[in-house]
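Reader: Before we discuss the terms used for this model, may I see the sequence and the structure?

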Amino acid sequence: MDEKKSQEGLIAKKNENFTEWFTQLMIKSKLADYTDISGCIVLRPASYSIWEKIIEETNKEFKKIGVENGYFPLFIPEKLLSKEEDHVKGFAPEVAWVTQAGKTKLNERLAVRPTSEAIIYPSYSKWIRSWRDLPLIFNQWCNVVRWEFNNPVPFFRTREFLWNEIHSVFSTKEEAIIHGEKVIKAYNKITEGLMAIPGIYGQKTENEKFAGAVFTKKVHTYLQNGRVIEGVCFHYDGENFAKAYGIKFQDKNGEEKYTHQNTHAITTRMLGTMFALHSDDKGLVIPPKMATNKIVIIPLIFKGKEKEVLEKSREIKKMLSKFNPILDETENSPGRKFAQYELNGIPIRIEIGPKEIEKKEVGIKLRNEKEKIKIKEHDLLKKIPDLLEKMQKTLYENAKKILEENQKKTDKKSEMIKFVNEKQIVKIPLKNSVEVEENLKSETGGAKVLFIDPKNESIEGKKCIISGEPADYWVYIGKTY
RNA sequence: GGGGCUGUGGGGUAGCCUGGUAGCCUUAGAGGUUUGGGACCUCUCGACCCCGGUUCAAAUCCGGGCAGCCCCA
């Protein structure tokens, strides 16, 4: 390996030191940067533009299922935050507080929202009076702050992150759950369909559910470092918050009832997941559907032919303008440009030199493939969408393969520990118990219950792998960020 | 939550043990010759994480802080 060359690109290897590799990817592909606040990163245009795309596409899906956007304040007065008991207990340790403005101490300290239930629901209790006011399906795109004390990891564990939060209100449980599943389908169009992130959708145990929820379901994704990423979520809150914040309505019979509520989120963690899942030792790999610039054109210039090559390159650029191509006309060597745009994750590279011009073709290199191919100029417009589609599909299928190949099943404790050490997701029989889950963590070095078996495989006669008592269900466990 | 390691121009590093001139590679900027996988030459800009201590003198030694990485819970 040529030391000189590698300094500009990534030095760490994905399969040797994942964290270091990911950090270098963040910095060198100009996705993010550290700041003076530990655990708070800059989203640079390379990653923020993708976040904007997520917002744009998610909003389109949301519109189809009646979600409306709005915005609530960043601050939550302490007395509001503490209204729902489980909720406040779950978040209290990580809340950042504002206690002072200028030189004046505040009468009541203000929480910086770790999530917005406590500031949104008092308004809901004012707004909702009649069954005609329902359903209320409100969403906001915003930032939240959770002051974690674990080691921060860019995108995956940051103290401030960006997300959307849907807070929806329905008359009945059935209505709430039907809509909740629609939201997950909408999210999946973004995460699976556009970001090429496969996942397993499953319900959390009592111990792992959202603070204040009746049940929580999340989509889980596996990264090559063995960590499971908890993705988009669906919390069904039942009447819990309605009772705490007094959200009631009169139904068609004039009877007063509590509302049923859901919350949902997608966060900037999915950006990190997408970057980490698909990228390689050369740099960033972005699924074409999420790439801002889908093509880079590199002119291969020989002395005396500059004009011809550049003119052709510009012509091709114009022809392919709907793919938002970059044409690099700088005088750097082609090799340097190749490396640069591989680091930046441009899906398709087009090479144009005198030879290509003569044969009326161009050289094509897909970011995720080794082989270069040639395509006739007149076929370009027709074939590029196919190539992009192929790349999108390959990335998704590779990720899906990784997810599927890293699952194991056992009812023996020693084997479970071995599998966890081998960075696997493991399916095990377990008892529904907080204590059991705590012991599971300490015996496996931190693996937690991810979700209850979505297929509901029979647990008849199985013993809990931790306590030895009769098991309640099969669960999947693994280490998470 | 516990332990270990590290912090030097934009990136990668040497120097630190044994205190005294911050060296190298690269990027960036300028000019020239080049251009089919990180070209070459010349010139230029640019750094000792922060606070304190020891000392005639601190990148170097000591203390504290902050930040990052690794391992364990």
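Reader: Which element gives the largest share of the surface near RNA strand B, and what makes a residue near?
Author: Helix α11 gives the largest share, seven residues. A residue is near a strand if its C-beta atom, placed from the backbone, lies within 6 Å of it. Of the 40 residues around RNA strand B, those that come nearest are Gly9, Thr19, Ser38, Gly335 and Gly353. Helices (H or I, at least four residues) and strands (E, at least two) are DSSP runs, numbered from the N terminus. This is a predicted model, in which local features need pLDDT of at least 70 and side-chain atom pairs count only at pLDDT 80 or more, while totals for chains, interfaces and linings use all residues. Residues are numbered from 1 along each chain as its sequence is written, and chains are lettered from A and ligands numbered from 1 in the order in which they are written.

Reader: Why is Phe75 called partly exposed?
Author: Phe75, in strand β4 (residues 75-77), has 14 other C-beta atoms within 10 Å. A residue is buried at 20 or more such atoms, exposed at 12 or fewer, and partly exposed in between, with C-beta atoms placed from the backbone. Phe75 is therefore partly exposed.

Reader: What makes β15 and β17 a pair, and in which sense do they run?
Author: Two strands pair if DSSP finds at least two bridges between them. Strands β15 (residues 295-299) and β17 (residues 348-352) share five bridges, in the parallel sense. The bridge partner of Ile297 in β17 is Ile350.
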